[in-house]
Amino acid sequence: MVAEYYTVERIAREIAAPEDWDGWIVAIEDGSVVGAGGGGMIERRVGEVFVLYLDPERRGEGIGTLLLDAITRQQLAHGAREQWVSVEPENVKGLPFYKARGFQARGTRPTWGSAPEEGRSSLRLMRRLNQSRAQHQS
Ligand SMILES: CC(C)(COP(=O)(O)OP(=O)(O)OC[C@H]1O[C@@H](n2cnc3c(N)ncnc32)[C@H](O)[C@@H]1OP(=O)(O)O)[C@@H](O)C(=O)NCCC(=O)NCCS
């Protein structure tokens, strides 16, 4: 995944011209990127968080929440009423974070990029968005 989706060339292209999503949002401190994420609309009124990562040294300080809030504001502006995310069932960092932010498990689907014969599934989590509140939906 890293070798395919996170090369410098690919990220540079995604920053220059995001296609089919809202593009990268970064958290910057003293000129350094300490976190990054992004999402987009997958259907009318339905947003999704596609990526969300932090500098591993900077977890638990609220930076992930700030990035999620920024992604959520974009999706609210596009008219989103609900927001989805896929998380690997063994992701012990991502799952508690999303649950703390009001997401609930709503099923599974084959893990993106995995071969069907691998039989790998991701959890699908969802939270409803309130158009009158732009953040900390829980
Ligand atoms: C998931 C991730 C983005 C969270 O960002 P973060 O900045 O550490 O999270 P925050 O500090 O904003 O925490 C927000 C809430 O989640 C909870 N939380 C976050 N990580 C948690 C964990 N590992 N266990 C329990 N609760 C956790 C916090 O307690 C907090 O809740 P509260 O404010 O109600 O107390 C970050 O840990 C990360 O980059 N993980 C690796 C990549 C990843 O798993 N990405 C998501 C998959 S798409």
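Two strands pair if DSSP finds at least two bridges between them.

## The β5–β6 pair

Strands here are DSSP runs of E with at least two residues, and helices are runs of H or I with at least four, both numbered from the N terminus. Thr108 stands opposite Leu123 in β6. Strand β5 (residues 104-110) and strand β6 (residues 121-128) run antiparallel and are joined by five bridges.

This is a predicted model, in which local features need pLDDT of at least 70 and side-chain atom pairs count only at pLDDT 80 or more, while totals for chains, interfaces and linings use all residues. Residues are numbered from 1 along each chain as its sequence is written.

How many of the seven residues of β5 are buried? The count is zero, so β5 is hardly covered (a residue is buried if 20 or more other C-beta atoms, placed from the backbone, lie within 10 Å of its own, exposed if 12 or fewer, and partly exposed in between).

## The sheet as a whole

Six strands form an open sheet with mixed pairing, in the order β1-β2-β3-β4-β6-β5. Its edge strands, β1 and β5, each pair on one side only. From one strand to the next, the twist averages 25° (axes are lines fitted to C-alpha atoms, for helices over the stretch in contact, and angles run from 0 to 180 degrees between N-to-C directions).

Elsewhere in the sheet, eight bridges link β2 and β3 in the antiparallel sense. Here Met41 has Gly47 in β3 as its bridge partner.

## Helix α3 across the strands

α3 lies across β1, β2, β3 and β4, and runs at about 35° to β2. Its buried residues are Gly64, Leu67, Leu68, Ile71, Thr72, Gln75 and Leu76. They pack against β1 (25-29), β2 (32-43), β3, β4 (82-87) and α4, with contact taken as C-beta atoms, placed from the backbone, within 7 Å.

The end C-alpha atoms of α3 are 21 Å apart, which agrees with the 21 Å that its 15 residues should span at 1.5 Å a residue (the expected span is 1.5 Å times one less than the number of residues). Just after α3, Gly79 takes a positive phi of about 95°.

## Around the ligand

The ligand is surrounded by 17 residues, the closest being Gly64, Thr65, Gly94, Pro96 and Ala100 (near means a C-beta atom, placed from the backbone, within 6 Å). β3 (46-54), α3 (63-77) and α4 (94-100) each supply at least two residues of this shell, and α4 gives the largest share, four residues.

Technical notes:
Contact = placed C-beta atoms within 7 Å.
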